[in-house]
Amino acid sequence: MRIDSTAAIVTGGASGLGAATAAALAKQGAQVFVLDLEAGIERAADVEGITCIATDITDRAAVQAAVTTAAAGDAPLRTVVNCAGIGPSMRILGKKGVHDLDLYAKVVQVNLIGTFNVLALASEAIAQTDADENGQRGVIVNTASVAAYEGQIGQAAYASSKGGVVGLTLPAARDLAQYGIRVCTIAPGIVETPMLATVSEEFRAGLAAGVPFPRRLGRPDEYARLALTIIEHDYLNGETIRMDGALRMAPR
């Protein structure tokens, strides 16, 4: 599917994986709409071709308004890349007691329900566009994590939410096939994001040493390239692709 002269939505696009993907889509000629929290947008770089909309992805009305804006221009809305997410950690039973239920619910609310909220509302708008010569209307790329398969100690909430995104992928692809909309998911390993920028070089080197090959951390631009490949590769559908250098996470 072509990217130029189309509209795209990227959630969590103010930094990290989302920012790299938004910039890559804009470079390919897409009109990109970044959905992120106000605080993130205030720190985001000003990039030509990208419009930022302050949006809480768990808020149905806010997402509906943002989708309506993205679909209102001359360029048809074709692409959605869901990168927004949070990753706090807590043991189910630790020194401070039982896992906080509100924290567990919040992680699932943002990572899984927020992803579904954007997917559902955006797919409604995409389905109303004219199909291309191959019957395609759009592509939705979600973000899971290798934690969906090998969640570590303290990642019960995060692994649950990302496992839900993996489980959503195939039924979403099947549901939306009749509208010419493909759905895929990327499951990154350890990627250099703003969160990792706060840790020491020694700690980062230790993380990189656990990756079989290439023995380094992943880069946001590599996620962006994979997202664009999925968008342009018409026969990729209903699949979750690990981007992790063959990493399999240890318990801790």
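In what order do the 7 strands of the open sheet stand? The order is β3-β2-β1-β4-β7-β8-β9, and the pairing is parallel. Strands (E, at least two residues) and helices (H or I, at least four) are DSSP runs, numbered from the N terminus. Two strands pair if DSSP finds at least two bridges between them.

This is a predicted model, in which local features need pLDDT of at least 70 and side-chain atom pairs count only at pLDDT 80 or more, while totals for chains, interfaces and linings use all residues. Residues are numbered from 1 along each chain as its sequence is written, and side-chain values use heavy atoms, with hydrogens and water left out.

β3 (50-54) and β9 (240-243) stand at the edges. Each has a single partner strand, so one side of each is left without a neighbour in the sheet. Neighbouring strands are turned by 20° against each other on average, direction ignored. Strands of a sheet pair through backbone hydrogen bonds, either parallel or antiparallel.

| Pair | Sense | Bridges | One facing pair |
|---|---|---|---|
| β1 and β2 | parallel | 5 bridges | Ala 8 and Val 32 |
| β1 and β4 | parallel | 5 bridges | Ala 7 and Leu 77 |
| β2 and β3 | parallel | 5 bridges | Asp 36 and Ala 54 |

β2 covers residues 31-36. Leu 35 also has a bridge partner in β3, namely Ile 53.

**Strand β1 and its crossover**

β1 is mostly covered, with 5 of its 5 residues buried. Buried means under 20% relative accessible area, exposed over 50%, and partly exposed in between (1.4 Å probe, protein chains only). Ala 7, Ile 9 and Thr 11 point one way from β1. Ala 8 and Val 10 point the other way.

From β1 the chain crosses through α1 to β2, and this β-α-β crossover is right-handed. That means the path from the first strand over the helix to the second runs clockwise, with the strands pointing away from the viewer. β2, helix α2 (residues 38-43) and β3 also make a right-handed β-α-β unit.

Helix α1 (residues 16-27) holds Thr 21. Is Thr 21 buried or exposed? Thr 21 has 0% relative accessibility, so it counts as buried. Leaving aside neighbours within four places in sequence, Thr 21 is in contact (heavy atoms within 4.5 Å) with Val 81, Tyr 223, Ala 224 and Ala 227.

**Helices α3 and α4**

Two packed helices are described by the angle between their axes and the distance between the axes. Helix α3 (residues 60-71) and α4 pack at about 35°, with their axes 10 Å apart. Axes are lines fitted to C-alpha atoms, for helices over the stretch in contact, and angles run from 0 to 180 degrees between N-to-C directions.

The crossing of α3 and α4 is right-handed. Here the near helix is turned clockwise from the far one by less than a right angle. On the α3 side, Arg 60, Val 63, Gln 64, Val 67 and Ala 71 take part. They meet residues of α4 including Asn 117, Val 118, Leu 121 and Glu 124. By class, this contact has 7 nonpolar, 2 polar and 2 charged residues. Ala, Val, Leu, Ile, Met, Phe, Trp, Tyr, Cys and Pro count as nonpolar, Asp, Glu, Lys and Arg as charged, and the others, Gly among them, as polar.
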